[in-house]
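Visitor: I'd like to learn how to read a structure like this one, feature by feature. Could you walk me through it?

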Amino acid sequence: MNDNKKDKRRPENAELRRRIDRLMQEGSTFIEQNFKALDIAEYRYQISEAVEELSLDEDTVYQLVEDYIIQILKSKIIFYEYIHELKIDELENRVLDYTNIRNLAHKNLGVVRNLRIKDAEKLLKTIMSEEDLDYLRLCVKALEISAVKLNPLCAYEILKLIQVKNSL
């Protein structure tokens, strides 16, 4: 276990660690400035609510939360791709079809409802109904911040895997 911790402190991981630290530090300000109407800036996840309502032990809920973080960090890439496609359609004066982005938001919405992650639930509901592409990008960024705040170490590990995969 100790060797594993040393691996995470390797110099090549420093930039990713800095990105997560910056995301954690600036994330609250970003959410506060852009999502006042959603009232999520001060939200803190309470795992006890999910444990009680789902009748699961805390370790199982922690694992489900980690699975959710993985899912959101992978989904954010797809969200951005869909938004980019919609931007191109908009520039070419095509009819904008939000079906893909709404379906992905709906898929993730079920998970956050089950886990009682209330800030992500509000963001995903917004993504499902919003048609302003710039605001959709902000919502996806806020969703990423929300996921990272749940478990920064898990997020770090997933982002590192995504980074390695993209470099291949």
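Guide: Happy to, and let's begin with a definition: a residue is buried under 20% relative accessible area, exposed over 50%, and partly exposed in between. Keep in mind that this is a predicted model. Take tyrosine 135: its relative accessibility is 22%, so it counts as partly exposed.

Visitor: Fine, now zoom out for me. How many helices and strands are there in the protein chain?

Guide: The protein chain has 8 helices and 0 strands. Read from the N terminus, the order of elements is α-α-α-α-α-α-α-α. The radius of gyration is 17 Å, close to the 15 Å that the globule rule gives for 168 residues, so the chain is as compact as a globular protein of that length. Along the principal axes, its C-alpha atoms fill a box of roughly 55 × 40 × 30 Å.

Visitor: And what share of the 168 residues is buried?

Guide: Buried residues make up 38% of them. The accessible surface of the chain is about 10200 Å², and 49% of that belongs to carbon and sulfur atoms. As for contacts with a separation of 6 or more, 71% are between residues 24 or more positions apart.

Visitor: What about charges: how many positive and negative side chains does the protein chain have?

Guide: There are 27 positive and 31 negative side chains, and the centres of the two sets lie 4 Å apart.

Visitor: Let's do aromatics. How is a pair of aromatic rings described?

Guide: You give the distance of the centres and the angle of the planes. In this model the count comes to 2 aromatic pairs. One of them joins phenylalanine 35 and tyrosine 135, at 5.5 Å centre to centre with 45 degrees between the planes, which makes the pair tilted. Phenylalanine 35 is in the loop between helix 2 (14-34) and helix 3 (47-54), while tyrosine 135 is in helix 7 (residues 133-150), so the pair ties together parts that are 100 residues apart in sequence.

Visitor: Is phenylalanine 35 buried or exposed?

Guide: Buried, because its relative accessibility is 2% and the cut-off for buried is under 20%.

Visitor: Now a case inside a helix. Which residues is alanine 155 in contact with, leaving aside its neighbours within four places in sequence?

Guide: Those are Ile20, Ile69, Leu73 and Val148. Alanine 155 sits in helix 8 (residues 152-167), and with 0% relative accessibility it counts as buried. For a sense of distance, cysteine 139 is 16 residues from alanine 155 in sequence and 18 Å from it in space, C-alpha to C-alpha.

Visitor: I'd like to compare two glutamates. Where is glutamate 121, and where is glutamate 52?

Guide: Glutamate 121 belongs to helix 6 (residues 118-129), and glutamate 52 to helix 3. At 19% relative accessibility glutamate 121 counts as buried, whereas glutamate 52 counts as exposed at 64%. Setting aside neighbours within four places in sequence, glutamate 121 is in contact with Leu109, Val112 and Arg113. Glutamate 52 and serine 28 are 24 residues apart in sequence, and their C-alpha atoms are 28 Å apart in space.

Visitor: How far apart are asparagine 93 and aspartate 119, in sequence and in space?

Guide: They are 26 residues apart in sequence and 34 Å apart in space, C-alpha to C-alpha.

Key
Residues numbered from 1 in each chain as written. Predicted model: local features only at pLDDT ≥ 70, side-chain atom pairs only at ≥ 80, totals over all residues. Heavy atoms only, no water. Helix = DSSP H or I, 4+ residues; strand = E, 2+ residues; numbered from the N terminus. Rg over C-alpha atoms; globule rule 2.2 N^0.38 Å. Buried < 20%, exposed > 50% of the residue type's maximum accessible area, 1.4 Å probe, protein only. Contact = heavy atoms within 4.5 Å. Areas by Shrake-Rupley, 256 points an atom, 1.4 Å probe, with all protein chains shown as cover. Lys, Arg positive; Asp, Glu negative; His and termini not counted. Charge placed at Lys NZ, Arg CZ, Asp CG, Glu CD. Phe/Tyr/Trp six-rings, centres within 6.5 Å; stacked < 30°, edge-to-face > 60°.
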